[in-house]
Amino acid sequence: MPSEREIDDAIDRTVRDIMSVDAPAGLRSRVIGRLERRAWSWVALPRLAAAGAAAALVVIVAFALFTPAAPAPGTVPEMARTDAPPAPPLEASTADPAPGPGSGRGVDPVPPEGSPLSFPPRGTVTATALPGDADANPPSAAPGTVTPPADDGRLVVPPIRIEPLTIPPITIVPLSPSR
Amino acid sequence: MAESTDCVTATDATEESDLELVRRAQAGDTEAFGELVERNRRAVFRAALAALGSPAEADDVAQEAFVTAYRKLDGFRGEAAFRTWLLAITWRKAIDRRTTMARWLRLTVSSVDFGEGSSDIMDRAPANTRSQEDELAAAELRQILRRLIGTLPRKLRDALLLAGSGEYSYEQISHMLEAPVGTVKWRVSEARKLLKQKLGALGYTHPARSIPSKSR
C-alpha cells in the first residue's frame with residue numbers, strides 16, 4: 001500500500017528545494033546604487049533645465065540685438081518715410097541719374113563716361129550687383145526698404161533708429177524633487 | 001494570557017522597528033531603506049522566484065520591486081505590515097514580467113530544473129537509514145515532481161510554491177495573490193491532489209520503491 005504521508009513529504013521537500021535559492025549577493029548595494037543614481041538624476045535635471053534656459057535666453061537676446069526689425073508687408077517702411085535732414089552732396093561719381101541695382105550702396109560699378117574714376121579706399125570691400133540679379137539686396141534688407149535716390153541725384157541716408165529691446169521676464173518653475 | 005500579551009508585544013516591537021525605518025526612509029534616509037532591503041531581500045527574491053522560476057529574472061524583479069517600493073514609500077501608511085506591502089508590490093512586478101515574457105513556457109520547463117545545483121534536502125538523509133537504491137529512487141522522484149509542479153496550472157502552482165516555501169504566512173500569500181485565505185488554502189490542496197493524481201498515473205504509488213519498474 002503506498003504511503004500517502006511519504007508522497008506528501010516528497011512534495012513538501014521538492015517545493016522547499018525549489019524555493020531554497022537565495023538571492024544573489026549584493027542585492028542591497030545594487031538597490032541603493034540605483035536609488036542614489038536616481039536621486040542624482042532628479043537633482044541634476046533642474047540644473048540642466050536652468051542651464052538650457054539660460055543658453056536659450058542668451059541666443060534670443062543676441063538674435064534680437066543683431067537682427068534689424070522687418071516692417072510689416074504691404075506698409076511703407078518707417079525708415080523710408082523718415083524726415084531725414086538733407087544729406088550733403090555726394091561726389092559726382094555717385095550722381096548717376098539712372099542708378100543700377102547696386103546704387104543704394106553709393107558705389108556705381110560702371111561710372112559714366114567722362115567722369116573721373118573713383119576707387120574705394122584700400123582695405124575696404126564693396127559689393128556690387130549685376131543687372132538682372134534678383135538677390136542684389138543684402139539679406140537683411142526687406143523688400144521696399146532700399147532708399148531711392150533723391151531727385152537731385154543725392155542719396156538720402158536715413159538715420160538709423162535703434163529701439164530699446166524689451167525682454168519679457170522668463171519664469172522658471174522649480175521642479176519639486178520626488179522619489 | 002500573559003504569553004499572548006508577550007507575543008503581541010514582541011511582534012509590535014519588530015513592526016515598530018520596521019515602521020521606524022520606513023519613517024526614516026520616507027525622510028530620505030537611504031541607509032534606513034537599505035536595512036529594510038536587507039531584512040526582506042530573501043522573501044522578496046523568493047516570491048519573485050516562485051512566479052518566474054528563474055533566479056536571474058527573480059533578482060532583476062527584486063531590484064525593481066525595491067526601487068518601486070522606495071518611490072512609493074510616501075504612500076505607505078502602515079495599515080499593513082511593511083513586508084506584506086512590499087511583497088504585494090513584488091508579486092505584481094513578477095506577474096507583469098511573467099505576462100510580458102513570451103518565453104514563459106520555456107521558463108516553466110526550466111523551472112523544473114532550477115535549483116539542481118543547490119543542496120538537496122532529500123539527499124541529506126543519513127546513509128545508514130536509506131539504502132543507495134532508495135536514495136536513487138528518491139532523487140528520480142524529485143526530478144519527476146519538479147517536472148509535474150511545472151505543469152500545474154499557474155494559480156495552483158503559485159499558491160503551492162509560496163505556501164510550501166515556509167517563507168510567508170497565508171495572510172501574506174492572500175495579499176499577494178489578491179485572493180481570500182480560504183481560496184489560497186484550497187489552491188494548495190488542489191495542487192497537491194493534482195500532483196498525486198499525476199504521480200498515480202505514472203505508477204508512483206510509493207516514492208522510494210516503484211520507480212525502477214515504471215520509469216524505465
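Two residues are taken to be in contact if their C-beta atoms, placed from the backbone, lie within 7 Å. On that basis, the contact between the two chains draws 41 residues from chain B and 28 residues from chain A. The elements giving two or more residues to the chain B side are helix H2 (30-52), helix H3 (55-71), helix H6 (132-150), helix H7 (154-164) and helix H9 (181-202) of chain B; helices here are DSSP runs (H or I, at least four residues) and strands likewise (E, at least two), numbered from the N terminus. H2(B) gives the most to this side, with ten residues. By class, the side of chain B that touches chain A has 20 nonpolar, ten polar and eleven charged residues. For this count, Ala, Val, Leu, Ile, Met, Phe, Trp, Tyr, Cys and Pro are nonpolar, Asp, Glu, Lys and Arg are charged, and the others, Gly among them, are polar.

All of this comes from a predicted model, in which local features need pLDDT of at least 70 and side-chain atom pairs count only at pLDDT 80 or more, while totals for chains, interfaces and linings use all residues. Residues are numbered from 1 along each chain as its sequence is written, and chains are lettered from A and ligands numbered from 1 in the order in which they are written.

As for confidence, the model scores ipTM 0.73 and pTM 0.55. Chain B averages a pLDDT (the predictor's confidence in each residue, from 0 to 100) of 79, and 74% of its residues score at least 70. Where pLDDT is low, the predicted coordinates should not be read in detail.

Now for the chains themselves. Chain A has three helices and zero strands, which read along the sequence as α-α-α. Chain B comes to ten helices, again with zero strands. Of the 179 residues of chain A, 9% count as buried, and for the 216 residues of chain B the figure is 34%. Buried means that 20 or more other C-beta atoms lie within 10 Å of the residue's own, exposed means 12 or fewer, and partly exposed is in between, with C-beta atoms placed from the backbone. In chain A, residues 24 or more positions apart account for 65% of the contacts with a separation of 6 or more; in chain B, the corresponding share is 65%.

Back to H2(B), which packs on H3(B) at an angle of about 135°, with their axes 8 Å apart. Axes are lines fitted to C-alpha atoms, for helices over the stretch in contact, and angles run from 0 to 180 degrees between N-to-C directions. The angle makes H2(B) oblique to H3(B); under 35 degrees would count as roughly parallel, over 145 as roughly antiparallel, 65 to 115 as roughly perpendicular, and the rest is oblique.

H6(B) and H9(B) form another packed pair, at an angle of about 125° and with axes 10 Å apart. That makes H6(B) oblique to H9(B), and the crossing is right-handed. Here B:Ile144, B:Leu145, B:Leu148 and B:Ile149 in H6(B) meet B:Leu195, B:Lys198 and B:Leu202 in H9(B), giving six nonpolar, no polar and one charged residues.

Two loop residues of chain B round out the picture. B:Met101 sits in the loop between helix H4 (82-100) and helix H5 (104-111), and is partly exposed, with 14 other C-beta atoms within 10 Å. Its C-alpha atom is separated by 9.7 Å from that of B:Leu52, 49 residues apart along the chain. B:Ala179 is in the loop between helix H8 (170-177) and H9 of chain B. With 17 C-beta neighbours inside 10 Å, B:Ala179 is partly exposed. Not counting residues up to four places away in sequence, B:Ala179 touches B:Ser174 and B:Val184.

Terms used:
A crossing is left-handed if the near helix is turned anticlockwise from the far one by less than a right angle, and right-handed if clockwise.
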